[in-house]
Structures are given as C-alpha cells and as structure tokens.
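Thanks for making time this morning.

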Amino acid sequence: MSIKKSFSLIEVLIFITILSFFFVTSAAIITVSMHQNTLKINMLKASHYNEQLLDWIKGEKDTNWNDFVLTTSDKTFCFKTDEPSWLEVILTKDDCDITLGGIFRRYAVFKTDTVPSTQVQVTTYTEWEDGGNTYSTKLYTVLNIWE
Amino acid sequence: MGIKHKSFTLIELIVAVGVVGFVLPSVFNIFFTMIRQQLILVSYQEMKQQGDSIERNIKNILQTRTAYLTDSLYATNNPCPLFTTPTPTFSPEMYIRDRNEYGIKLYQKTVSGVDTIASDSADRNNSFLKTYNLSSKDVLVSDFGYSCFKVNDYSLPFVTTTFTMHKSTVFTDMVLPYSFKLQLRNY
C-alpha cells in the first residue's frame, strides 16, 4: 500500500478562508482608494467653481453696489454655466439643475441685513452626488461697500 | 521499472493557466485604473496651482502696478469704452503703463511648443527690458484675453481677464477655465 502526502480537507478549507479574507480586504481597500481619488478630483473642481463664482460676484459688487444689493437682496441664485449670470432665482437648492461640468450644482445664497444696506453676506455652494451621497464645498464672505 | 517523477498533469496545467489568465488581467486593470486616477488628480492639482499663480500675478500687476491701459505699446489710447456701449470684445494682448510710464505687455505666447502667458516689460522709451513666463511648460494656457469698460468718463476701468488651463495625458484632456473682474486702483 503506498502512502501519498497531501492536504486534509480541513487544511484546505482553512487556507481558502484565509485567502478569501485577504482578497476581500484588498478589494475593499482598492474600492475605497479609487473612490477617494474620484472624490478628491471632484472636490478640486468644485472648489475651483466656487472660487470663480465668488470672484465674479465680487466683480459685480464693485461695478455697482446699489444694483448689486437690489439684484441679490435675500435671494438664492443658481449658476448653471461656466459664465455666471443673474438669470435664475431659485427657492430651494433642488430647483437648481445639475448641469455644471456634468455633475455639479452651483448656487449662492445672499443675505442683506440692514436697510440701506452696507453689507451683503454671500455663501456659495458647489454640490455633487456620488454613490447616493451629496458632497458640497462652501465659501462664505461678507461684501461691503467701499465708499 | 523506471523512477516515477512527481509532476503536474496536462489538465492541471491548463486549469492553472486558465485561472492565472483570468486573474492577472483583472489585477492589472485595477492597478492601471488606480494609476490613471492618481495621474489625473496630480494633473488637476498642478493646473490649479499654476492657474491660481497666474491669476495672482495678473491681479497683482493690475492692482499694484497699473496706472492705465493702452491699446498698443506705442499708443496712449484708452481701450476701455463706457459701459453703455455694446459688450466690449476681448483683446488677446494687454498693454499696461505704470506710474513711471514703464510698459508691461501680457499676452499668450508659445514657448518650446507649449502655450503660456508671458509678461514683457519695457522702459518709458519702449525699449524692451525682459520677459518672463507666468506658467511652466507642464501645463498649457489658452484663450487668454481681456476686456475693459468704464461706468462713466471719470471712473476707473473694470478689467475682465480670462484664460483656460489645459493638460493632456494619454487618458484624458483636462480643462480649468479662469475668469476674474477687478477695478483698477487710483494712483
């Protein structure tokens, strides 16, 4: 009778279990890492859109303060395109379509405290959705009249 | 009878090669996707960094050194119409004079096959002094232009400047547009 060296069933099962833990963990790490990279890229784009919008708003403020206050007084505007404009007033952020860069929603909330106003509080938001979650970058500033 | 050698059968080899042939491309696909994403992220970061640097440079020139704009190096015509005229067109070259009448020209230039924004300076006699590039050759700059207007004859002009940062990799083309408007300051 010849005796062959081999692995028992239990040993094979334990080996497969350990190997599968390794593969599942690796797959999870890789998935999270890829998601984080995508998130960082979108965060960078969203920050850029926010900064550009705030720059444009500051330019509009400097052009004519009175018109700026009248236009923005306690309103929320949606800025759908790369070139901002005062065309779209919205009531809630859901009224702002996701069209900027294909995945972003960009809007700004204006608050005017005093009448006649010398200060306007501006908060700009750029949001996007990924995997059922909504991510957002926000910039807040207070604009004053120079004179 | 000869010596028996322990070895793999043909079926076992075929199965092993089949499994490896199935697993390896998946692993390499994941690996290269991760590298591709990292490359895109680094490219965007570089474009953003250089774009922000160009924006700061131009804003600094406009706000601290600019006394007035002209429509060419040798002229003193003011290129900024009143706001009520039709929308000013964008000009690809910006001519600036500082309070000492030294000239600065901002324009898009190709250096070693790469588009960048260059700044030329000249003395009050329009003799060329030096030029320097506002971005490195790792990123492309395109669509540089400026327009300006005044709200009345006595106000300082508002200058709108635009440019676009580009970077191309083997995987994708990336674009970051820049646009800003500011009012010149009085000297």
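This is a predicted model: local features need pLDDT of at least 70, side-chain atom pairs count only at pLDDT 80 or more; totals for chains, interfaces and linings use all residues.

In the largest nonpolar core, which has 28 residues, the members that touch the most others are B:Ile117, B:Val141 and B:Cys148; such a core is a set of buried Ala, Val, Leu, Ile, Met, Phe, Trp, Tyr and Cys residues joined through C-beta atoms within 7 Å, and buried here asks for 20 or more other C-beta atoms within 10 Å of a residue's own, with C-beta atoms placed from the backbone. Of its elements, β6(B) gives the largest share, six residues.

Residues are numbered from 1 along each chain as its sequence is written, and chains are lettered from A and ligands numbered from 1 in the order in which they are written.

On confidence, chain B averages a pLDDT (the predictor's confidence in each residue, from 0 to 100) of 86, with 95% of the residues scoring at least 70, and the complex is given an ipTM of 0.81 and a pTM of 0.84.

Turning to the helices (DSSP runs of H or I, at least four residues, numbered from the N terminus), α1 of chain A, residues 9–63, packs with α1(B) at an angle of about 20°, their axes 10 Å apart; the axes are lines fitted to C-alpha atoms over the stretch in contact, and angles run from 0 to 180 degrees between N-to-C directions. The two helices are therefore roughly parallel to each other, a label for angles under 35 degrees.

Notes. A residue is buried if 20 or more other C-beta atoms lie within 10 Å of its own, exposed if 12 or fewer, and partly exposed in between; C-beta atoms are placed from the backbone. Angles under 35 degrees count as roughly parallel, over 145 as roughly antiparallel, 65 to 115 as roughly perpendicular and the rest as oblique.
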